[in-house]
Amino acid sequence: DYVISNSGSYYLTSNLTATAGQNGITVNADDVTIDLNGFTLIGSGVGSGHGIYQNSALRNLRVHNGKVVQWGGSGKGGVYAFGKNNQLDHIQAATNYVGIYGGSGPRISDCSARNNSNGGIAGGLGSTISGCSAYNNSPYGIQAGNGSTISGCSAYNNSSYGILAGSGATISDCSAVENTGYGIYADNGSTISDCSAVENTGDGIYALGGSTISDCAA
């Protein structure tokens with residue numbers, strides 16, 4: 001378990017494989033950048049810790065440019081960043097419990113999540129998620145909290161929701177195909193536009209009261 005205790009920039013020089021029950025990297029400071037540098041953080045499977053972990057009191061973490069795999073411990077994640085205003089980009093997350101979680105107000109872009117057992121890509125309140133893809137995750141591919149924006153994303157063959165958003169969300173230019181449940185689901189007062197949601201088991205696009213849906217195919 002590598003612990004970062006000071007603000008600054010850090011990068012990997014090789015793949016990192018953790019032993020059972022340990023995190024790969026624990027972040028204990030604000031204003032940290034981690035460049036995975038094209039390498040992979042590899043967990044120990046069902047008994048793992050987190051690949052990268054940040055607690056909710058922290059902020060301004062950036063993680064980019066690499067892979068997180070096999071962080072499959074119950075309640076654990078490939079990137080599990082609970083803090084505020086984080087930026088996560090160009091990350092591939094596969095075969096984890098949770099693929100990528102960004103905390104409150106994150107910017108999550110150009111990431112992919114596949115075969116994660118308890119969620120692909122997620123952010124809390126006020127998330128901005130763009131250019132991401134989610135394939136074969138359970139139960140959802142992409143999830144965001146109230147007041148979030150999701151754009152240019154795709155969700156395919158996830159076991160329940162393809163894309164799931166809270167109230168007041170804006171979802172645009174997204175596709176949701178062959179999910180076992182709703183393709184795109186949004187809570188009250190959301191706006192969904194220019195999306196395609198076809199061949200899903202449930203409704204292609206479903207939004208609660210006060211929402212608007214325009215120029216979509218379902």
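Analyst: The largest nonpolar core holds 45 residues, among which I34, I52, I142, I150, I171 and I184 touch the most other members. Such a core is a set of buried Ala, Val, Leu, Ile, Met, Phe, Trp, Tyr and Cys residues joined through side-chain atoms within 4.5 Å, where buried means under 20% relative accessible area, exposed over 50% and partly exposed in between (1.4 Å probe, protein chains only). The model is predicted: local features need pLDDT of at least 70, side-chain atom pairs count only at pLDDT 80 or more, and totals for chains, interfaces and linings use all residues. Residues are numbered from 1 along each chain as its sequence is written, and side-chain values use heavy atoms, with hydrogens and water left out.

Two or more core residues come from each of β4 (25-27), β5 (32-35), β8 (61-71), β9 (77-81), β10 (87-94), β17 (142-144), β20 (163-165) and β23 (184-186). The strands (E, at least two residues) and helices (H or I, at least four) are DSSP runs, numbered from the N terminus. The most is given by β8, with four residues.

I150 illustrates the packing around one of these members. Neighbours within four places in sequence aside, I150 is in contact (heavy atoms within 4.5 Å) with I129, I142, A144, I163, A165, T170, I171, S172 and C174.

Of its 218 residues, 46% count as buried. Among contacts with a separation of 6 or more, 32% join residues 24 or more positions apart.
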